[in-house]
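Hi,

Here is the structure I promised to pass on. Have a look first, and then read my notes below.

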Amino acid sequence: MSSLADEVERRRTFAIISHPDAGKTTLTEKLLLYAGAIELAGAVRGRKTDRHVVSDWMDIERERGISVTSAAVEFDLGPHHLTLLDTPGHKDFSEDTYRTLFAVDGVVMVIDAAKGIESQTRKLFEVCKLRRLPVLTFINKLDLPSRDPFDLLDEIERVLGIHAVPMNWPIGSGDRFRGVYDLQRGLVHLYDRKARAHPAPVNVGSVDDPRLQQLIGDDAWKALVDESALVTGAGTTFSHQAYLDFQMTPVFFGSALSNFGLEPFLYALTELAPPPRGRESDRGIILPESPEFSAFVFKIQANMNKRHRDRVAFLRVCSGVFERDMVIVNAREGQEIRAARPYRFFGGKRETIDRAFPGDVVGLVNPGQFGIGDTLYTGTPLTYPPIPRFPAEHFGVARLRDVRFKQFDEAIKQLEEEGLMQVLFPIIGRREPILGTVGPLQLEVLAVRLKDEYNVDADVESLPYKAARWLTGPADKIAATAGTTGTRSVKDRHDRPVMLFDSEWSLDYAQRTHPDVQFLAVHEG
Ligand code: G4P
């Protein structure tokens with residue numbers, strides 16, 4: 001039987017981040033197909049259905065397909081065991097998307113070759129930066145007219161502040177896309193628009209090989225010779241350590257839809273991406289190989305099974321071995337819980353699991369014992385740091401239509417515990433909660449869920465604010481911020497002062513006029 005250290009070593013737990021439409025779904029699907037984890041292309045589809053009319057929250061969930069019904073997909077590839085955590089990146093973009101990045105050890109960033117870095121990629125990248133997560137970049141859609149590859153690399157460096165090192169180099173794009181040249185191995189992978197399978201790579205050694213000229217034609221060859229000389233001349237060579245240290249991202253060009261460039265990319269993913277590493281705790285770094293089990297909750301999903309009204313807590317195993325029926329302790333309250341129903345989710349199905357190792361995701365059916373960020377352990381007590389809260393960007397006020405205040409307060413509290421939204425309260429005036437979400441869809445979802453799951457009739461009316469910041473600093477200075485143009489002072493459930501802003505400008509103005517106050521975008525716990 002393999003040892004815990006072997007199991008850790010072969011695990012790769014990662015997420016794919018992208019802006020909507022860059023090709024994340026397609027890449028996910030193709031990676032799973034390639035690895036034999038799914039049989040039919042199309043199994044991961046279903047997120048792009050028009051959802052302007054939100055009539056039933058469960059329908060939204062169903063339409064999201066894999067993104068919600070399975071928080072993670074596990075599959076084997078050669079000796080490796082891969083866990084791909086889903087990060088919804090579309091209209092249903094939410095704080096969950098950010099939190100998922102706390103449960104992975106590495107990230108794949110998909111960029112549309114015609115568009116470059118887009119807003120949502122940038123936001124997600126900021127979280128990767130916070131965690132110093134190694135990032136592999138896949139520049140997609142080379143079969144369509146694309147931007148100049150130098151320009152794309154330059155943009156990654158400029159906008160994201162990380163060295164971008166090409167691992168392969170595209171030969172043309174769009175109609176003139178001929179394939180990629182593997183700069184590390186001296187192989188050329190040819191692209192055949194018509195063939196379903198791509199020809200095997202041809203080993204040409206260096207770009208000077210006359211066979212390459214024959215294979216791709218004079219013009220493409222000349223361009224490749226010039227460009228690869230520039231790439232080599234730029235002097236940045238790939239360093240695995242620099243990638244692990246978040247200083248460098250290896251960049252691969254390809255086309256997910258036409259399966260082009262996926263094999264080398266998957267190879268790189270398993271070879272380069274790190275296995276689970278030690279995690280900071282109040283007892284210092286906990287190594288994955290340490291024998292005592294520990295994990296933390298990174299996602300809670302209510303009503304996975306509507307009939308049972310159950311809630312599933314998704315744990316990321318950090319150390320030791322998880323076993324079914326083991327008694328674990330929740331560090332928050334010291335409460336002991338028997339892990340009687342551990343599941344793995346895939347598509348619409350759930351499957352009971354007996355064991356799990358560091359890097360794995362376990363879903364525990366949970367009648368409310370767990371909260372997001374909770375540490376679970378056996379043996380010596382420990383606590384992992386809380387997952388930070390991310391600033392909401394969409395706001396609405398929830399107004400009860402009748403007088404069932406108790407139910408209303410309880411429902412808001414429970415949904416807040418699930419991490420669906422942040423709840424803020426006006427300092428003066430009626431105590432109607434202001435709900436803040438990271439994605440726009442969540443506000444619509446909230447009203448539906450209040451009715452559907454808690455039988456509470458409430459309207460969620462959208463508010464014109466664009467940003468919120470926690471305020472820290474001397475109390476008198478914070479008090480003096482009240483009434484700043486374009487802002488509103490509120491507080492969170494723990495009475496911490498928060499300010500809402502109606503524009504980037506008013507945020508900037510408030511910061512300039514109150515230099516003694518810190519405006520924090522991210523608050524721990
Ligand atoms: P997302 O999850 O990041 O939002 O992107 P998704 O994979 O859904 O891809 C967005 C669109 O881009 C899809 O087309 C998809 O087929 C297309 N696409 C993805 N990769 C490539 C590629 O390498 N080359 C080309 N030419 N297209 C690519 P759609 O028409 O919006 O959807 P569908 O009708 O294909 O489902």
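Strand 24, residues 394-400, is mostly covered, with five of its seven residues buried. Buried here means under 20% relative accessible area, exposed means over 50%, and partly exposed is in between (1.4 Å probe, protein chains only). Helices (H or I, at least four residues) and strands (E, at least two) are DSSP runs, numbered from the N terminus.

Strand 24 has pairing partners too, where two strands pair if DSSP finds at least two bridges between them. Strand 26 (residues 434-437) runs antiparallel to strand 24, and four bridges join them. His394 has Thr437 as its bridge partner in strand 26. Strand 27 (residues 458-463) also pairs with strand 24 in the antiparallel sense, this time over six bridges. There, Leu400 stands opposite Ala458.

A word on where this comes from: the model is predicted, so local features need pLDDT of at least 70 and side-chain atom pairs count only at pLDDT 80 or more, while totals for chains, interfaces and linings use all residues. Residues are numbered from 1 along each chain as its sequence is written, and side-chain values use heavy atoms, with hydrogens and water left out.

Now the whole chain. The protein chain comes to 15 helices and 31 strands. Buried residues make up 55% of its 525 residues. Contact means heavy atoms within 4.5 Å. Among contacts between residues at least 6 apart in sequence, 71% join residues at least 24 apart. The accessible surface of the chain is about 22,500 Å², and carbon and sulfur atoms account for 51% of that; the areas come from the Shrake-Rupley method with a 1.4 Å probe, and for residues only the protein chains shown count as cover.

Next, the charged pairs. How many salt bridges does a search of the whole structure find? The count is 32, taking a salt bridge as a side-chain nitrogen of Lys or Arg within 4 Å of a carboxyl oxygen of Asp or Glu. Three of them to look at:

- Glu7 and Arg10 meet at 3.1 Å, N to O. Glu7 is buried at 9% relative accessibility, and Arg10 is partly exposed at 26%.
- Lys115 and Asp112 meet at 4.0 Å, N to O. Lys115 is partly exposed at 43%, while Asp112 is buried at 5%.
- Asp209 and Arg211 have their closest N and O atoms 3.2 Å apart. Asp209 is buried at 16%, and Arg211 is partly exposed at 41%.

Glu7 and Arg10 also belong to a network of salt bridges that links them with Arg11, Asp76 and Asp360.

Asn168 sits in strand 7 (residues 168-171) and is buried, at 4% relative accessibility. A polar atom of the Asn168 side chain lies 2.8 Å from the backbone nitrogen of Phe253. Leaving aside neighbours within four places in sequence, Asn168 is in contact with Val180, Tyr181, Asp182, Leu183, Val251, Phe252 and Phe253.

Last, the cysteines. A disulfide is a covalent bond between the sulfur atoms of two cysteines. With the rule that the two sulfur atoms must be within 2.5 Å, the count comes to zero disulfides. Cys128 is buried at 0% relative accessible area, and Cys318 is buried at 3%.

Cheers

Methods
A polar contact is a pair of N or O atoms within 3.5 Å; within protein, one must be able to donate a hydrogen and the other to accept it, and residues adjacent in sequence count only if both atoms are side-chain atoms.
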